[in-house]
Amino acid sequence: MIKFFQISSIEAKRYIRADTLIPEVKIDTNSTVTEIRVLDKNQVEITFRFSASYSGIGFIAMEGSIIWEGNVQRMENEWKNKHNLPEEYVQEIHAAIINNCIIEAIIISKEIRLPPPIPPPVQLGQKPKPPEG
């Protein structure tokens, strides 16, 4: 269970001028656990890196940590032996990283005039246009 979340570092950069027209941008988001450190018998500190890469026009990167409470021994063993999170905790931890960082990334993207790193909404009820010809 996530007990605490913090972002400790933010870096963002736009490579092209803000007034340059960008027809279509591919945005890749990624979260990576970089270290797990045991705090006590019930808690570990998980450090992470989050990034949103804008296909050649810029990036947003963050680093931070989570205090997680649960089966510390299982978490520690899996990290030491395989350098992975235990399968049953992957979703919870990466969801916490992405959900928290994406909010910050949206705000930062506005400041440096990049599109928000979220997919556009799906238009329900619209029928695709038939091919011409």
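Trainee: Is Y15 buried, partly exposed or exposed?

Mentor: This is a predicted model, and in it Y15 comes out partly exposed, with a relative accessible area of 48%.

Trainee: And what about F59, buried or exposed?

Mentor: F59 is at 17% relative accessibility, so it counts as buried, the cut-off being under 20%.

Trainee: How many aromatic pairs does the structure hold?

Mentor: Three. One of them is Y15 with F59: the ring centres are 6.1 Å apart and the planes sit at 40°, so we call that pair tilted.

Trainee: Where do the two sit in the chain?

Mentor: Y15 is in the loop between strand 1 and strand 2, while F59 is in strand 4. They're 44 residues apart, so the pair links distant parts of the chain.

Trainee: Switching to the sheet: what's the strand order?

Mentor: 1-4-3-2, an open sheet of four strands with antiparallel pairing. Strand 1 (2–14) and strand 2 (27–38) are the edges, each pairing on one side only. On average, neighbouring strands are turned by 15° against each other, direction ignored.

Trainee: How many bridges between strand 3 and strand 4?

Mentor: Twelve, linking residues 43–54 with 58–69. As an example, E45 has I67 in strand 4 as its bridge partner.

Trainee: Which strands does helix 2 lie across?

Mentor: Helix 2 (residues 87–111) lies across strands 1, 2, 3 and 4, at about 140° to strand 4. Helix 1 (residues 72–82) lies across strands 2, 3 and 4, at about 110° to strand 2.

Technical notes: Residues numbered from 1 in each chain as written. Predicted model: local features only at pLDDT ≥ 70, side-chain atom pairs only at ≥ 80, totals over all residues. Heavy atoms only, no water. Pairing = 2+ DSSP bridges. Axes fitted to C-alpha atoms, helices over the stretch in contact; angles between N-to-C directions. Contact = heavy atoms within 4.5 Å. Phe/Tyr/Trp six-rings, centres within 6.5 Å; stacked < 30°, edge-to-face > 60°. Buried < 20%, exposed > 50% of the residue type's maximum accessible area, 1.4 Å probe, protein only.
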